[in-house]
Amino acid sequence: MVIGSIRNRLLLGFGTLIFVLLINIVLTQIASRESTATYEELRTEIVPTITMLDEYREVNKELFLLSLNKVFGRQSDEQYTNRMKAITEVVLPHFKTKVFLLTQSLPPNDKKIKISENIIKLSNRSITIVKEINNLLLTRVDYDNTQRIGQVTQKANLDLSDLTQQIDNNLSLLQKEYNTRYDAHQTALSKELHNLSGIIFLIGIIGILLGLGIASGIINSIVRPINALQTSALQLSNGNFDVMVKTKGKDELSLLGHSFNNMAESLQKNFEEIKRKNKELEQFVYIASHDLQEPLRTLSSFTSLLEKEYPIEKDENSSTYVRFINEATKRMSRLVKGLLDYSRIGSTKELSEVDCNTLIMGVEDDLALTIGDTETILTIGNLPTIKGYTTELRLLFQNLISNAIKFRAKNRSPHISISAEIIPGFWKFSVKDNGIGIENQFHERIFAIFQRLHNQSEYKGTGIGLAHCRKVVEMHGGKIWVESIPTVGSTFYFTISNKQ
Amino acid sequence: MEHIGLKMFVILTLLVSLIGCKESKSEEINIGYIGPLSKRATDLGIGPSNALQLAVDQYNASRSDDALKVNLFIEDDQWEKDNALPAYHKLRKEHDIDIVYISNTDGTIALQDAILKDQVILINPLNSDALLSSLNQNTFKIAKATEEANGLIAIRIIELGLKKVLVLTYPNDYMSRAATSCKSLLDNVGVENKVTLVGKDETDFKDELQTAKDAGVDAYVFFGYKEFGFAMKQARDLGIEAPFFGSTVLLDPEFFSNSEGTIIGTECSFFTPADGNYVLADEFMDSYKNKFGSSPVSVWPAMQAYDAMNMVLQEIANITETKNRNEAFDDWLRNRLFDISYYQGVCGNISIAEDGASRGIYFSLYQYASEGKLSKVRR
């Protein structure tokens, strides 16, 4: 499935999650609306009605008991009378109104209407009888009136007792109806809440799984190409210009992959071109330097013959000229040889394990005479075994040690320390001397070919040694530089890759 | 063009001002109270005015942002019915009141035409009797029933087996109605009785008392105010030892001082927190004491006034939900008050009947125990 750019993919992912969330909200709302309606009916209608009917029954019984107390307990004072008045004038009328209002919302054939009408009718009669009792037993004197007592006894014992019972029965019936509704609503509410909980759980699980799937898909679709790019970039950095990233689709990472491939292709082309030009150059240098040797050798031979066969002692000028020609020829020969050596560096191209300690010992043997003559002290640390080109590395160390001896201070014996340490990706070597040192401004220049800081009369040489060194170090993927304090000494640092 | 623009601006400004004025008027309701704050029956005026103010303050402090603010303005009628109408007009003119509370029964009658004309709702928070219940539709009584409360005295006299009763009566509607109800009950059971109307500011009752003593009267009923303190003292001075009975107003401090203590032992109908919803009543009494520094001299007028005000404030709090935009204020409030069937107030559970009178406030029999103190009569 073509999803498009990462932006679109992320939007689609989040959009899907939001959609699932919205469905969750909508379904929850629908389900909870039903529960809310059931709960509201319970809260605002059924429970208050049951409570009201409870209170109605209590007050109905209380009125009866107060009446009995008034009639038979001869309790005529206001404590009882006032409460009876409160019930008959305020409380019962209020409950009657409530019961009446209940019937207004019921369908016409609902049996609760009949029950409610009965309750109201019976309560009206009950109120009338209680008021009659109160009027008949206004004072204590009235208890001595046998006729009155007979009347109130009849009203309390028979009429009111019967009415109270009937009212209570009807209230109980009505309450039973509402209790049934209460139970039904409770069950419905419980079921609705259970369903709601199930819906929330189910959609939650779906949402989580979908979220995980989408997240995993998006992460993979982003991370996989990035990993491929990283691997390719690493290969590219190791010189593998043939590496190509597989691209699919039209998203940002695919475009990046395309760009990477283009870059690698371009690099490969450039590298091939450079290699080709380098080879041409090397060939040119080799041919030039090799071919130059021949006329130089001829010139040197004929100059020697000229000196031997045509003695010119008497002609001082001629002798001097011949000597100059001879010296110039030799110097040019050395320069051409140096150039030839420079072009040959790395030609073997055979990597091998090189024990630097052994290598230095060999160099030390080669330079034993010079070392002895100059009383050079060579301190060699614990050097590593590295992968490299033996001949070239030997030349590197030899050049650096030779230079350290050659450019020694006049007032002290040379002291050369060679050490190595590991840094990320490289071995870092240092060759430290106590020689004449190098001015800051020459720290770069000294590594260029045929660059000399001194004339031949001071220090002999072709000025190609450190150029050789740089070429060797760069062959090993490293860098070379110098830190120096004039008159105090110099330290040459170079790094050799430890990943070859 | 410039003139037309200017005219339009002026008209719009006027319209905005008019709308603004109307809005600001409808955001507040002004209520008046007319009661005895000086001269006579101050126990029926000061306590209620404070209770009304307390209820209004509590309402304003807790009202929601969209609920109307209520302002209360109080006028002293010195318990004279002739002062009622001027006080009412003053409240209308100065504060444009929509509701008036008035304690005096005669004053209530005096305001009838004016409240109907002004579409003002009148509430009597002190008394409710048969006459008041026959007044116009804008009149409500959230109070005890006069006849019922004072009928307790007659019932007590009958219960005690007293045979000859003198009922001294102050000449106003309330006391006359109290005397009539008492007399009616006594007549029903054949107890001999005589109702004597006294002069308004009369303080010398020796002649009436001497005559009664001579006639063998064994129960003296004083349906009136502080002047009857003198009568009680004079009766005892004449050697009358028969029991005294009074109305609902014995706690006026001047009553006690005028009687020089002879009021002690007098039985009367009264109402205390114990007779009402004592939880709410205690709370009210605490709030009252906190706000005014002491309890009202007589608690029942204050309790009734507090309930009467809260019943109205309860409706005002919901006015935005219950009143139609085109419904007159008095029509709306009248209908709302008639719908009250069960208000749980400090006096108990109160309803308003079709005659505009409340039900649910019932007085009991008390006895004057010591200065400013009553105790319930136990039998």
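What is the volume of the largest pocket? In this predicted model, the largest pocket has a volume of about 1,200 Å³. A pocket is here an open set of points on a 1 Å grid over the protein atoms alone, with protein on both sides within 12 Å along at least five of seven lines, and lining residues have an atom within 4 Å of a point. The volume is the space filled by probe spheres set on the points, which are joined across faces, edges and corners; the probe is one of 1.4 Å.

The lining comprises 48 residues, of which A:Asn399, A:Asn403, A:Lys406, A:Gly465 and A:Leu466 are the closest to the pocket centre. Two or more lining residues come from each of α6 (316-344), α9 (390-406), α10 (465-475) and β7 (489-497) of chain A. Helices (H or I, at least four residues) and strands (E, at least two) are DSSP runs, numbered from the N terminus. The largest share of the lining, eleven residues, is given by α9(A). By class, the lining holds 16 nonpolar, 20 polar and twelve charged residues; Ala, Val, Leu, Ile, Met, Phe, Trp, Tyr, Cys and Pro count as nonpolar, Asp, Glu, Lys and Arg as charged, and the others, Gly among them, as polar.

Chain A is assigned domain 1 (6-216), domain 2 (249-344) and domain 3 (346-497), with bounds from an automatic or database domain assignment. Domain 2 and domain 3 of chain A each supply at least three residues to the pocket lining. The centres of domain 1 and domain 3 of chain A, taken over C-alpha atoms, are separated by 106 Å. An unreviewed UniProt entry places a "transmembrane region" at residues 199-223 of chain A; such annotations may be inferred rather than shown by experiment. This span is 100% helix and 0% strand, and its end C-alpha atoms lie 35 Å apart.

Chain B is divided into domain 1 (8-145 + 275-364) and domain 2 (147-271 + 365-376). Their centres, over C-alpha atoms, are 32 Å apart, and the contact (heavy atoms within 4.5 Å) takes 28 residues from domain 1 and 26 residues from domain 2 of chain B. For residues 28-355 of chain B, UniProt lists "domain: Leucine-binding protein" in an unreviewed entry; this stretch is 45% helix and 19% strand. Chain B averages a pLDDT (the predictor's confidence in each residue, from 0 to 100) of 91, and 93% of its residues score at least 70. Over residues 18-25 of chain B pLDDT stays under 50, and the model has two contacts there beyond four places in sequence.

Residues are numbered from 1 along each chain as its sequence is written, and chains are lettered from A and ligands numbered from 1 in the order in which they are written. Local features need pLDDT of at least 70 and side-chain atom pairs pLDDT 80 or more, whereas totals for chains, interfaces and linings use all residues; side-chain values use heavy atoms, without hydrogens and water.
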